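Biologist: Please take me through one part of this model at close range. I would like to follow how a single element sits against its packing partners, residue by residue.

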Amino acid sequence: SGSGKFFVGGNWKCNGTKDSISKLVSDLNSAQLESDVDVVVAPPFLYIDQVKNSLTDRIEVSAQNCWTGKGGAFTGEISVEQVKDLGCKWVILGHSERRHVIGENDEFIGKKAAYALSQGVGVIACIGELLQEREAGKTFDVCFQQLKAFADAIPSWDNVVIAYEPVWAIGTGKVATPEQAQEVHVAVRDWLTKNVSAEVASKTRIIYGGSVNGSNSSDLAKKEDIDGFLVGGASLKGPEFATIVNSVT
Ligand code: PEP
């Protein structure tokens with residue numbers, strides 16, 4: 001790792017019940033976490049209040065999505081104002097499941113990012129290629145296009161963490177090798193240097209996601225441009241998530 005403080009996020013996705021989340025929170029509360037790491041968890045919306053009321057302040061809370069603007073007549077949506085009201089500091093945007101399962105496009109995601117930042121909520125901005133895009137040699141093109149959509153929409157990168165999550169690695173057990181991840185992370189950083197600024201490139205955290213677990217995180221964390229992780233499945237197990245947090249180098 002290299003840029004800024006190590007950052008580890010746990011994306012709980014659409015998992016959990018009041019009981020299982022209560023157990024997970026208590027495991028997280030009793031875990032020993034390295035002090036020099038930003039630690040964030042993203043519960044399902046319905047459980048954010050429960051988590052905020054029971055989780056240690058050591059760990060920040062993120063939403064997994066938000067609406068594109070101020071709340072109002074948008075049935076089924078959750079506004080940034082509401083996310084903030086419940087104490088969330090972050091929102092995950094552009095996750096591959098929202099892009100590829102639900103059909104969100106770059107423009108829609110960009111609007112959400114701009115609005116969240118305008119309200120002081122940090123953005124975990126996800127990018128990443130499909131397997132067929134990697135095999136066609138389009139990994140950088142796809143990642144840069146998704147990155148450009150964020151860059152075009154947002155006024156500042158101050159409160160943004162970039163998550164590189166190759167879609168073929170998410171939930172598949174097929175983690176990218178440290179070399180594969182590093183190759184994209186350094187390319188993303190170079191893109192920021194050329195298209196935003198050297199300062200933003202050097203201070204923006206670029207975290208990796210896709211089948212990270214307690215056994216593979218330390219080798220990934222050694223790579224120069226890997227500044228942390230976004231963790232799905234393994235974040236549902238408190239002790240394993242703590243191991244990943246503590247793989248900071
Ligand atoms: C994710 O959903 O962001 C993710 C990386 O999932 P997993 O760790 O389960 O691959």
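Modeller: Happy to! Two residues count as in contact here if their C-beta atoms, placed from the backbone, lie within 7 Å. The model is predicted, so local features need pLDDT of at least 70 and side-chain atom pairs pLDDT 80 or more, while totals for chains, interfaces and linings use all residues. Residues are numbered from 1 along each chain as its sequence is written.

Let's look at helix 7, residues 139-153 (helices are DSSP runs of H or I with at least four residues, strands are E runs of at least two, both numbered from the N terminus). One partner is helix 8, residues 178-195. The two axes lie 11 Å apart, at an angle of about 45° (axes are lines fitted to C-alpha atoms over the stretch in contact, with angles from 0 to 180 degrees between N-to-C directions). Helix 7 is therefore oblique to helix 8 (under 35 degrees is roughly parallel, over 145 roughly antiparallel, 65 to 115 roughly perpendicular, the rest oblique).

On the helix 7 side, the contact is made by T139, F140, C143, F144, L147 and A151. Helix 8 meets them with V184, A187, V188, W191 and N195. This contact has 9 nonpolar residues, 2 polar ones and no charged ones (Ala, Val, Leu, Ile, Met, Phe, Trp, Tyr, Cys and Pro are nonpolar; Asp, Glu, Lys and Arg charged; the others, Gly among them, polar).

Now turn to helix 5, residues 106-118, another partner of helix 7. Here the axes come within 8 Å and cross at roughly 40°. That angle makes helix 5 oblique to helix 7, and this crossing is right-handed too. Helix 5 brings D106, E107, I109, G110, K111, A113 and A114 to the contact. Facing them in helix 7 are Q146, A149, F150, D152 and A153. The residues of this contact divide into 6 nonpolar, 2 polar and 4 charged.

How values were computed:
Left-handed = near helix turned anticlockwise from the far one by under 90°.
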